[in-house]
Amino acid sequence: MTQTTSTQVQVTETLDCSGLLCPLPVYKAGVVLNRLASGEVLELIATDPGSLEDVPAMARQRGDTVLSVIDEGTAHRFLIRKGTA
Amino acid sequence: MTIEAPSQLPTDRHLRRYTDIRAMLPDVDQPTPLVRVGGFAAPEFELFLKLEWLNPFGSIKDRAAAYMLQGLGETGALDGKELVEASSGNTAIALAALAALAGTRLTVTIPDGVPEEKKVLLRMLGAEVWETPDDLCPVDNPRDGAIALARSLAASEGGQRYLMTNQYENEHNVRAHYETTGPEIWRQTEGRIRYFFAGFGTCGTITGVGRFLKEQDPSIEVVAIEPQPGHRLPGLKSFAEAKEPGILDRSVIDHVIRVDDEPAYATTKRLFREQGLIVGPSTGAIVHAAVEFGVDRSGVAVGVSPDGGQKYTSYFADLLGDEGLPAF
């Protein structure tokens, strides 16, 4: 998998979706992103392997940006910046 | 299924007096009405609508919801759990009412674009409503986001919290129509039905009724109505964009007619204005298809009218525009 890191990112809210199967993490992330302001960052933790495809696809559809995906063994930590839409 | 409280006036179906609303659920001795639709087709093609919106919770889905809950109750699978279901509204409304009566919590994953009226009714009944974009899972479930979300909820928390009734895969959905809707139609038409029309949705109706009618007379023609991709006909499904339900049995279907939104809504408006039938848009789609099919055919035909028009007033407002408002 692609692993990128981002430094100096201010996380606005953290959502732990450990143990939840896709598309539940994507759905919950969408609900939280809807209430964030443009430019704010959601930290999403997911353990479902499907999240590696579904989260970037969701971000693209919504106009948000995945700043980084960090593989932490069984968990994946996404930093998602809310777009202007 | 019916639980009656002690009463000096017990349930008497002949008098239409009930001590519990669940006793109003239909069966062959208490069928929903068949009403003739006059003037839409040649007199030789005798078209009736089965008015399923006169069920206690307002739609044909009352039957499936009651059977599915009864099935879960019998196996004890629901004990201590909450229900989750993916629904465009009608199944959810019936489930929510029945769950409320049973003291069970219900979460509904509902597709984007379902009329606000349905979502508010569900919340009034105490259900939790998760509005779900169809394209929630672009990778695996391009047009079935609500179903995928309900499945993931049922599988989460070790499967200990939620139980999915799963109307798309639940044989009790088919059984409800095989044991009630089908026999009702057979009896109400005195065995003279030649053609049966129902929409593609969960496919419980077309499979259950179709199977029953074919067993009575294999020459009865069963016609499925399918909307176009991207349609705005709640309750109906286009299998060009959605996955076929596991309970669909195509062997009982003789014809599939595809209907566009525009004639479906135009026919819905005609049913309001010419027949006094306050129906939902899927009924318009079914009647439009039946009338086209009935050209050059004769005999008794029955179409399902799945629900009433009250839940679609916001859609109808779009359809009407300025029509019916003062012109000055």
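Predicted model: local features only at pLDDT ≥ 70, side-chain atom pairs only at ≥ 80, totals over all residues.
The C-alpha trace of chain B spans about 55 × 50 × 50 Å along its principal axes. Nine helices and ten strands are assigned to chain B. Of its 328 residues, 52% count as buried. Among the contacts in chain B with a separation of 6 or more, 67% come from residues 24 or more positions apart.

Contact between the two chains involves twelve residues of chain A and 13 residues of chain B. On the side of chain A that touches chain B, helix H1 (24-35) and helix H2 (51-62) of chain A each supply at least two residues. The most is given by H2(A), with four residues. By class, the residues on this side of chain A are eight nonpolar, two polar and two charged.

The packing of these two helices within chain A was also examined. Two packed helices are described by the angle between their axes and the distance between the axes. For H1(A) and H2(A), the angle is about 35° and the axes lie 10 Å apart. The crossing of H1(A) with H2(A) is right-handed. H1(A) takes part through A:Pro25, A:Val26, A:Ala29, A:Gly30 and A:Leu33, and these meet A:Ser51, A:Asp54, A:Val55, A:Met58 and A:Arg62 of H2(A). The contact of H1(A) with H2(A) comprises six nonpolar, two polar and two charged residues.

How values were computed:
Residues numbered from 1 in each chain as written. Chains lettered and ligands numbered in written order. Buried ≥ 20, exposed ≤ 12 C-beta atoms within 10 Å, placed from the backbone. Contact = placed C-beta atoms within 7 Å. Nonpolar A, V, L, I, M, F, W, Y, C, P; charged D, E, K, R; others polar. Axes fitted to C-alpha atoms, helices over the stretch in contact; angles between N-to-C directions. Left-handed = near helix turned anticlockwise from the far one by under 90°.
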